[in-house]
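Hi everyone, thanks for coming. Have a look at the screen with me, and let's walk through a few spots.

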Amino acid sequence: MTYEIRTYGCQMNVHDSERLAGLLEDAGYVRAPEGSDGDADVVVFNTCAVRENADNKLYGNLGHLAPKKARRPGMQIAVGGCLAQKDRDTIVERAPWVDVVFGTHNIGKLPVLLERARVQQEAQVEIAESLEAFPSTLPTRRESAYAAWVSISVGCNNTCTFCIVPALRGKEKDRRPGDILAEIEALVAEGVSEITLLGQNVNAYGSDIGDREAFSKLLRACGTIDGLERVRFTSPHPRDFTDDVIAAMAETPNVMPQLHMPLQSGSDAVLRAMRRSYRQERYLGIIEKVRAAIPDAAITTDIIVGFPGETEADFEQTLHVVREARFAQAFTFQYSKRPGTPAAEMDGQIPKEVVQARYERLVALQEEISWEENKKQVGRTLELMVAEGEGRKDGTTHRLSGRAPDNRLVHFAKPEQQVRPGDVVTVEVTYAAPHHLLAEGPVRSVRRTRAGDAWEKRNAAQKAGPTGVMLGLPKIGAPEPLPVAASGCGCD
């Protein structure tokens, strides 16, 4: 039986979908071919509740599948994720052809719920109110052979007035450092050379285990893992961004010179209304410290435009921070009501046309800054980790694509020798665009890596039979041989 998973939302959902795929393959399902478009035996929607139209998008997709399911009585449809946690029984009421509804806390139950729905011939709705088991203990089908997400915590203790996520993901729950490091060591043993530490509020790690410096210690511990070339993390909160974290970033060679730190607004009044626990001066102070310690760091952010009560003066303060911070890139969002959040009931909701006009001004300013910052890269020699699927035009331009240490996307001329995703190339940047760089000259060097070997091995296995890069529960000590993301959702 085949399966298809459709994922919406942030990196947490992307990683949860890897676990859902692992669970289904562990239960004997096979991934449907690319472009199956709902023709699989099981179609799973992993949903997001952050945007205002999230439910419309879900029900539109479910409606599209209804006639297909009517023609195939054995087909099953499951809905999980944040919207499922929020709407629960509403989903089955509005789309009675759905077989399974499960929440953010019990993704491990999906195969059992599918089987139960098949046997009992009725929809199964099971929403756990709290985490049953840390998701990283579940089998995982990773999308990449050379880069991996590693969850260090789930949930969030913040109470931002625009965000529904804490109500759906629950309070922060941290993993034990030993379990995290054991998972990373197991991944590296399989050929992974880049990991991204993942948490709803990643640098608050330690609050649940009573160690305020736990995150900086974790970064330094990652630096001792042989074979781990690149470490990233997302998304941190300015409130928890302490000097020990900056020092760990600067002093740990494999922690990359990249920081994604959500701003949301540059106005102190709006930040107060958002219930964000920092102000403009504090935010810019962190940027200044990071740049002093890591001069080449690329800093990206999230910004919300049109929050209730935002005045023109407030918006000008956001533009001021953008000019001062000089972000390499900003993920910009027009405020949309999240039902169940305090902000949705606030006075001073901004007219759509005003929000749109401010949004366009912000995007234009950031595009200008992104281009100027990228132009500073021209002439630099960079080490790129070759990426898979990052360059949409690579086939027609005869180029390959890779990520620089600061995570900038670089398209480079294809060398004569074979280069695999996960390998490392050295190039000179010759041209800059707002969202990418070009290295049009010859590649200066190619370093074949264990990560490239892992990619090659996985590709050979895919051609030989069912796909899957599986990772089960990590173990302490030397790992046994095992069978093997841009941006936050705007709510960090």
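Which residues does glutamine 124 touch, not counting residues up to four places away in sequence? They are Asp99, Val100, Val101, Leu113, Arg116 and Ala117, where contact means heavy atoms within 4.5 Å.

Quick housekeeping. This is a predicted model, where local features need pLDDT of at least 70 and side-chain atom pairs count only at pLDDT 80 or more, while totals for chains, interfaces and linings use all residues. Residues are numbered from 1 along each chain as its sequence is written, and side-chain values use heavy atoms, with hydrogens and water left out.

Back to glutamine 124, which sits in strand E6, residues 124–126. Helices (H or I, at least four residues) and strands (E, at least two) are DSSP runs, numbered from the N terminus. Glutamine 124 counts as buried, at 9% relative accessibility; buried means under 20% relative accessible area, with a 1.4 Å probe and protein chains only.

Now asparagine 13, over in helix H1, residues 11–26. Asparagine 13 is buried too, with a relative accessible area of 1%. Leaving aside neighbours within four places in sequence, its contacts are Thr7, Tyr8, Asn46, Thr47, Cys48 and Arg169.

Last stop, the sheet. Seven strands make an open sheet with mixed pairing, in the order E20-E21-E18-E17-E16-E19-E22. Strands E20 (431–432) and E22 (445–447) are at the edges with a single partner strand each, so one side of each has no neighbour in the sheet. Two strands pair if DSSP finds at least two bridges between them; E17 (residues 399–403) and E18 (residues 409–413) have five, in the antiparallel sense. There, arginine 403 stands opposite leucine 409 in E18.

Technical notes
Buried means under 20% relative accessible area, exposed over 50%, partly exposed in between (1.4 Å probe, protein chains only).
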